[in-house]
Amino acid sequence: MSIGIEHFLIVGAILFCIGLAVALSKRNAIGVLMGVELMLNAVNITLITFSHFAVSDRPIAGHAFVAFSITVAAAEAAVALALAMSVYKNRETVDVDRINLLKS
Amino acid sequence: MEGFGPTFGFYAMSALTLVSAGGVMLSRNLLHAVLFLIVTFIGVAGFYILLSAEFIALAQIIIYVGAISVLVLFAVLLTPRAGRDNGETKMALPGIFLAVCLAAVLAFVINDTNWATVATSPELTASSLGEALLDAWALPFEMASVLLTAALVGAIMLVRTPEEEAEDALR
Amino acid sequence: MSSGGIKTEPFILNIGPQHPSTHGVFRVKATVDGERVIDAEMVMGYLHRSMEKLAEERTYTQNIPFTDRTDYLSSMSNNLGYCLAVERLAGVDVPARGNAIRVIMAEFQRLSSHSMAIGTFVNDTGAWQTPVMWSLREREYILDLFEMTSGARLTCNYMRIGGVSFDLPKEFEPAARKVLARLKPYLDEMEGMLTENEIFIVRTRNVGVLPQELAINSSASGPMLRGSGVPWDIRKAEPYCGYEKYDFEIPIGYQGDSFDRFLVRLEEMRQSVKIIEQALDGLPGGPHSTQVPLAIRPPKGEVYGRVESPRGELGYYLVSDEGPSPYRFHIRPPALINLSALRAMTVGGTIADAIVVLGSIDIVLGEVDR
Amino acid sequence: MSSLVTSNWYDIRDLSNISRDILEGLANVLPHGVVYVLAPVLGFIATFILVVLPSQLIVGVYGERKIIGRVQSRFGPNRVGPFGLVQPIADSIKLMQKEALTPKYADRAIMWLAPIIFVAPCVMLFAVIPFGPRMILANIPVALLYFVAVSSMPVLAAFMAGWSANNKYSLFGAIRIISMAVSYEVPLVLGLLGIVLFTQTLSLQDMVEWQRHYHIWLIAAEPVAFVLYFIGVGVELNRTPTDIAEAESEIVAGYLTEYSGMKWGLFYGMDIGYALAAAAFGSTVFLGGWSMFGLDHWVPPWMIIIGKTHLFYFLFIWTRGTLPRLRIDQLMSFAWKFMLPVALFNLLVIATERMIWVQNDLADGIVYVFAAVNIVLALAALVFWSRFLGYRPENTPKKPRMVREAGGYVPLPTGKETR
């Protein structure tokens, strides 16, 4: 039995969909953020998989892309959490359903 | 990828990653969800090692497990006890339905495509990654550093209290 | 972890009654916001043994052991304060040798108590047991001297109305000089280790500041008051036992923080060494005690006698109705009254600061709760 | 790699010979493939039995208690067995007999998991430490990163322990430990980055080879990195003067408050295990690892590295026995205001030196010049930066004021004495 590119891609896809479901369904802003992190990780798995398996003249591109992705994810997590804190400070809730300033 | 070791590793890692990702979805306690998320990150790092990307795997553990999850833990602890449930919104069912549909489509595409793969994977080391980052991707690399600085400043500005702003205004 | 704009719910942290650094069974109900203490309520009385009431059923002489057990780290000073009050009430004179022995013992007691206070204080700042072990080591030598004279190490019960219970043994003086010779380098060592230690300084400087006015208004005494820069010492202000004959100085602090209180205690130990040396040099002969009846019946009246105990002004208020036991027996415990300023000193600091402040007050719960 | 050891199994300078011979012997007997599974297991057990366990019991528990005892002018354990040597075993037997309590409202699953998660990374850390030219369990090319990554795990375990106990003191410990770990990881990694710049490798074995080749230890070449490592790792390990997360006098025992019995014992034992791992890593990177200026030809290299590890560990014990504890905000500002700028400055200096070295194609001896320059710069940075941040030790009065008469106010001195 051998493990090929499809196996890794399937895992990445499932992880992405779980992340999407979490991000779409959670009420807590921090929960939504966790879903987004899961999706980013799923994408990273896919990138590394392609870098490992796919035919390419420059396979290191996948690794480089993942390095950037992790960097951006770190920045994104910091800013998103700061936003959540800031929203909580002003509205005293992190419930995304109740953050509806634009609704009259 | 042949042999018992990689196969076993793959299934073990898949089980670990996907089960704990499901835990993020299902657990009622937000802190449990964060802990499941950490396990997911470790599982993803395991995948990277299976794909012989050790440097990325360890960076994943340092950044995700060591820093991002700690940040999330902090955010959870700073919200009051009432804000620590992990419930769903009204739009949960459509969201989950959408995710399932997407999973089906992706699975179909992945199975249907005839992937062109290499027989022997290239040897990708940390030093080759470093050379690539400073050679082909020098501009994105510098921009990432600018982004990090901007995020740092932005995060600090967002969580500043009115008193601190007043203090700075007086200066 | 200050949370300026974020509305957080402060929570109540019970420091004590079972806690490693409350020096006994004392409880601070601290309301904390993150690490910061925003309110502190003291709860005491866990060790109350109703000594003041019990003392009304016993004769004046029988009450002396009670005073041992209030402040169990400085039993000699407590004995002395009580005996002075009774002597003043009954009009008993103490022979010169008795007074000199009393001074020697009280000052040795101050050395042992301050040594313990500094040790536990540094322990509260987080030094892992080392300073307290060193302090205990030096204290043991002093306790050996007490054992030599009174037969007991901790609760000595040595002073009597009219003098002391036994004369000094022959071997006391050389032994005492040996202990003093040992103490001087130890004090230098302790001073060098702690006043040069940057971590210790940042932990204690500007922590638990007690301003002069507040110190006086809360009627703090002892090293607490002197640390705030008020030169008040009963030994100078109202000399007893012939303290006016000895040459010593009062150390006072700069701004009343924990570090100042530490400095004052350390310097007081040096001054005590100086006093003991003078007393040993000029030790007069003669009887060590005047004979008083065992069931002494002082004339009707009331008296307040006070001494400078290691913790501050220790006062005994006695009312006599010409009976064999006091009609009213009241103690002014310095530790309790020094503790009353705790809230003002801890609020606004962190939890770690509160522990340091509590350590710098040097409380003995046996005295606080009596 | 190195040709200094023979490959005879009796050459105890390299214990891997023995294990290799055992494995080859087994390979003839056992079916094909089994020996490959057996090898890591055997290596793991061997490492654990040979290094971790005795170090931990004899040096970690007994040595620490004995040395701390001497520091505190007492004897330390001297009752159980000769010189009290059996004390650690007696302690662990006692701990196993005790009941491991779980509070009623604790999060049982996490509270049960936390000690296990705390233990596992400790043993993993020893896998990348080279104990000899070939005595290394996993000679992975990114060993330095591996070490940093794995050592960030126990922090999470400690957080889980503190949070799950549902105790306010535990929660304080948990919050403190994660904030400390996040703050100190940054200067620590920046310090190690300077090492990587000089040695051009992430592999610990190659670092040892580098130090052998240039006949200099990296502690001399980069003193700032060593200081950053020592302080940073001390914070992460919760060693005094930075044992803020389990500050006994403040928050009882921090995240360990509600643990008892062998669960507490695991935390306690693994604390020492982590300290030993950090010491082994530190002596590999900074103190030349198993090499010793040619002495490694005569003495088994694993003896040298274990000796250095214990020497390094002695530093931890020494600071623990002598220093008071910092406050959490002071520790944080020390990390961000002092250590981070110094680490960045150090990195700049190292990078410049490396550039000069490479571009001018200088001889090997230039390392000594760089070492001298770095030591001078380290001292200068220490003095200058601390003065810049407002460190004025001469303003702290060392003696109280003295008066002769009681009574009245003595006005407060103005100006300089207050800081």
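Is C:Ser50 buried or exposed? I started there. I counted 9 other C-beta atoms within 10 Å of C:Ser50, so C:Ser50 is exposed. The model I am reading is a predicted one.

I looked up phi for C:Ser50. The angle is positive, about 60°, although C:Ser50 is not a glycine. Most residues other than glycine have a negative phi. I then placed C:Ser50 in the chain: it lies in the loop between β3 and α1 (51-54) of chain C.

I also looked at C:Asn157. This residue is not a glycine either, and its phi is positive, near 55°. C:Asn157 lies in the loop between α5 (130-150) and β4 (159-160) of chain C. I asked how many C-beta neighbours C:Asn157 has inside 10 Å. The count is 19, so C:Asn157 is partly exposed. The cut-off for buried is 20 or more.

**Entry: the sheet β1-β2-β3 of chain C**

Next I traced a sheet in chain C. It is open, has 3 strands in the order β1-β2-β3, and pairs antiparallel. Which strands stand at the edges? They are β1 (11-15) and β3 of chain C. Each has a single partner strand, so one side of each is left without a neighbour in the sheet.

I went through the pairs. β1(C) and β2(C) are antiparallel, with 5 bridges. C:Asn14 stands opposite C:Lys29 in β2(C). β2(C), residues 27-33, and β3(C), residues 36-43, are also antiparallel, with 7 bridges. C:Asp33 has C:Arg36 of β3(C) as its bridge partner. The hairpin of β2(C) and β3(C) has 2 residues between the strands. In that hairpin C:Gly34 takes a positive phi near 65°.

**Entry: the sheet β7-β8-β9 of chain C**

I found another open sheet in chain C, with 3 strands in the order β7-β8-β9 and antiparallel pairing. Its edge strands are β7 (301-309) and β9 (328-332) of chain C, and each pairs on one side only. The twist averages 15° from one strand to the next.

I followed β8(C), residues 312-320, to its partner β9(C). The two run antiparallel and are joined by 5 bridges. C:Tyr317 stands opposite C:His330 in β9(C). I then asked which helix lies across β7 and β8 of chain C. It is α3(C), residues 75-90, running at about 150° to β7(C).

**Entry: chain B and its contacts**

I turned to chain B. It has 7 helices and 0 strands. Of its 171 residues, 35% count as buried. I checked contacts in chain B between residues at least 6 apart in sequence: 55% of them join residues at least 24 apart.

I then looked at chain B against chain A. Here 64 residues of chain A are in contact with 73 residues of chain B. On the chain A side, α1 (5-25), α2 (29-53) and α3 (60-91) each supply at least two residues. Which element of chain A gives the most to this side? It is α3(A), with 22 residues. By class, the chain A side has 46 nonpolar, 13 polar and 5 charged residues.

Chain B also touches chain D. This contact takes 16 residues from chain B and 17 residues from chain D. On the chain B side, α2 (30-50) and α3 (54-78) give two or more residues each. α3(B) gives the most to this side, with 11 residues. I sorted the residues of the chain B side: 13 are nonpolar, 2 polar and 1 charged.

**Entry: two helices of chain D**

Last, I looked at α4(D), residues 108-125, and α12(D), residues 261-285. Their axes come within 9 Å and cross at roughly 25°. Angles under 35 degrees count as roughly parallel, and that makes α4(D) roughly parallel to α12(D). The crossing of α4(D) and α12(D) is left-handed.

I listed who makes the contact. From α4(D) the residues include D:Pro115, D:Phe118 and D:Val119. From α12(D) they include D:Leu266, D:Phe267 and D:Met270. The residues of this contact divide into 10 nonpolar, 1 polar and 1 charged.

Technical notes. Residues are numbered from 1 along each chain as its sequence is written. Chains are lettered from A and ligands numbered from 1 in the order in which they are written. This is a predicted model: local features need pLDDT of at least 70, side-chain atom pairs count only at pLDDT 80 or more; totals for chains, interfaces and linings use all residues. Two residues are in contact if their C-beta atoms, placed from the backbone, lie within 7 Å. Helices (H or I, at least four residues) and strands (E, at least two) are DSSP runs, numbered from the N terminus. Ala, Val, Leu, Ile, Met, Phe, Trp, Tyr, Cys and Pro count as nonpolar, Asp, Glu, Lys and Arg as charged, and the others, Gly among them, as polar. Axes are lines fitted to C-alpha atoms, for helices over the stretch in contact, and angles run from 0 to 180 degrees between N-to-C directions. Angles under 35 degrees count as roughly parallel, over 145 as roughly antiparallel, 65 to 115 as roughly perpendicular and the rest as oblique. A crossing is left-handed if the near helix is turned anticlockwise from the far one by less than a right angle, and right-handed if clockwise. Two strands pair if DSSP finds at least two bridges between them. A residue is buried if 20 or more other C-beta atoms lie within 10 Å of its own, exposed if 12 or fewer, and partly exposed in between; C-beta atoms are placed from the backbone.
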